[in-house]
Amino acid sequence: MSDSLIPDSQVDNEIAYLREQIQSLERRRSALSSTLLSSRHTLTRIQRAKAKATSTASPAATALDVVQKQQKHNLENLHRTCAGITAFRVKDPDPHALDDGKVLGVRIDISIEGRFVTPYYLLLNRPQPSSEALRIHKHTIPPSIPLQSLAAKYLPQPTPAPADGAPAKPNRAQNLHRLVRELHKELVSHHLRLNAVSQLRKDAGLPEDTTDDAAGRKRAGKFGIANIKALDVGAEEVEITWADKSTARVRVTKNGAIEKVVVRTPDGASRKRDVERRISGEDGRVEGIVQRLAKQ
């Protein structure tokens, strides 16, 4: 008699469920720890216990150090939430670096739905030590952000003096604050669009990833939608595919409004005007596409 075997798909589902539960419990533990350490009553009790302790290495002293670190972390988060932009100075280790290796760094924090994404960095130096003009040295800004055009607008470089001795044109003033504000605005829009595409997939009942299932087929979602994906890194164009092979191309503006929609039949010969109107109707926002498609 052959042994009964559990299907691989069932085992994979159980493992995925257990991992999800572990992650959920870890997040809850982190949230409870932060709440406890941020409480004023906790700080007061620990301070009283430390005052009564006879040794500097008492458990109360260790606990007080942990609480103070948490309070410092809370203060940093408050600054990141309110400002979102932090400047700092670093030194380039390269012995041949310009301006004796002096580098001005700018950190840009983006919060989406109460969570911070990986921060972005802008590093600037002075190519001419005799001038205060700054130039972008390195950065981690995504390629979909028009950094070069913004830099040309707000960080114009000094005009070199003509070789023939003619008077040089006056240099335009640089505005680093304006550059960083515009970058922050662009990055927020960038992540809101990416988040909108992810939310559309959830609304349509599609998995977070776009991998095929064990049979090599795409797992279909609700309302006959087979897939939703961004066609570019900035999510300025979104493609919706239905199970009958109909496709929609949605052009999205920087602020998340739908600019243009084209929905074609499976053979691509004609357009589905009624579906186009539903997609771009009501408030015309990208976030509500699936809800509008559900209204037949």
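This is a predicted model: local features need pLDDT of at least 70, side-chain atom pairs count only at pLDDT 80 or more; totals for chains, interfaces and linings use all residues.
A residue counts as exposed when its relative accessible area is over 50%, and as buried when that area is under 20%; values in between make it partly exposed. Glutamate 282 reaches 61% relative accessibility and therefore counts as exposed.

Glutamate 282 takes part in a salt bridge. Its partner is lysine 295, with an N to O distance of 2.9 Å. Glutamate 282 sits in the loop between helix 6 (273-280) and helix 7 (289-294), while lysine 295 lies in the segment after helix 7, so the pair ties together parts that are 13 residues apart in sequence. Lysine 295 has a relative accessibility of 47% and therefore counts as partly exposed.

In total, the structure holds 18 salt bridges. Side chains of opposite charge can pair when their charged atoms come close. Lysine 229 pairs with glutamate 239, and the closest N and O atoms are 3.9 Å apart. Lysine 229 belongs to strand 7 (residues 225-230) and glutamate 239 to strand 8 (residues 237-242), so this bridge ties together parts 10 residues apart in sequence. The two partners fall into separate accessibility classes. Lysine 229, at 35% relative accessibility, is partly exposed. Glutamate 239, at 12%, is buried.

A further bridge joins arginine 251 and glutamate 236, at 3.6 Å from N to O. Arginine 251 is in strand 9 (residues 247-252), and glutamate 236 is in the loop between strand 7 and strand 8; the pair links distant parts of the chain, 15 residues apart. Arginine 251 has a relative accessible area of 35% and is partly exposed. Shared partners join several of these bridges. One network comprises Arg193, Lys229, Glu236, Glu237, Glu239, Arg249 and Arg251.

Nonpolar packing was examined next. In soluble globular proteins, nonpolar side chains tend to be buried together. The largest nonpolar core has 23 residues; Ile225, Ile228, Ile240, Trp242, Val250, Ile279 and Ile289 touch the most other members. Two or more residues of this core come from each of helix 5, strand 7, strand 8, strand 9, strand 10 (258-264), helix 6 and helix 7. Beyond four places in sequence, isoleucine 240 touches Ile225, Asn227, Ile228, Ser246, Thr247, Ala248, Val250 and Ile289. A second core of 21 residues is separate, and includes Leu122, Leu124, Ile145 and Leu155.

Helix 4 (residues 147-154) has the buried residues Leu147, Leu150, Ala151 and Tyr154. Viewed down the axis of helix 4, these residues fall within an arc of 100 degrees, so they line one face of the helix. An α-helix has 3.6 residues a turn, so residues three or four places apart point the same way. The buried residues of helix 4 pack against strand 5 (120-125), strand 6 (135-139) and helix 5 (176-203). Gln148 and Lys153 are exposed, on the face turned away from the buried side.

The count of aromatic pairs is one. The ring centres of phenylalanine 88 and tyrosine 121 are 6.2 Å apart and the planes lie at 80 degrees, so the pair is edge-to-face. Phenylalanine 88 lies in strand 1 (residues 85-91) and tyrosine 121 in strand 5, so the pair ties together parts that are 33 residues apart in sequence. Phenylalanine 88 is partly exposed, with a relative accessible area of 27%. Tyrosine 121 is also partly exposed, at 29% relative accessibility.

Methods: Residues are numbered from 1 along each chain as its sequence is written. Side-chain values use heavy atoms; hydrogens and water are left out. Buried means under 20% relative accessible area, exposed over 50%, partly exposed in between (1.4 Å probe, protein chains only). Helices (H or I, at least four residues) and strands (E, at least two) are DSSP runs, numbered from the N terminus. The arc is that of the directions from the helix axis to the C-beta atoms. Contact means heavy atoms within 4.5 Å. A salt bridge is a side-chain nitrogen of Lys or Arg within 4 Å of a carboxyl oxygen of Asp or Glu. Rings of Phe, Tyr and Trp (its six-membered ring) pair if their centres lie within 6.5 Å; planes under 30 degrees apart count as stacked, over 60 as edge-to-face and the rest as tilted. A nonpolar core is a set of buried Ala, Val, Leu, Ile, Met, Phe, Trp, Tyr and Cys residues joined through side-chain atoms within 4.5 Å.
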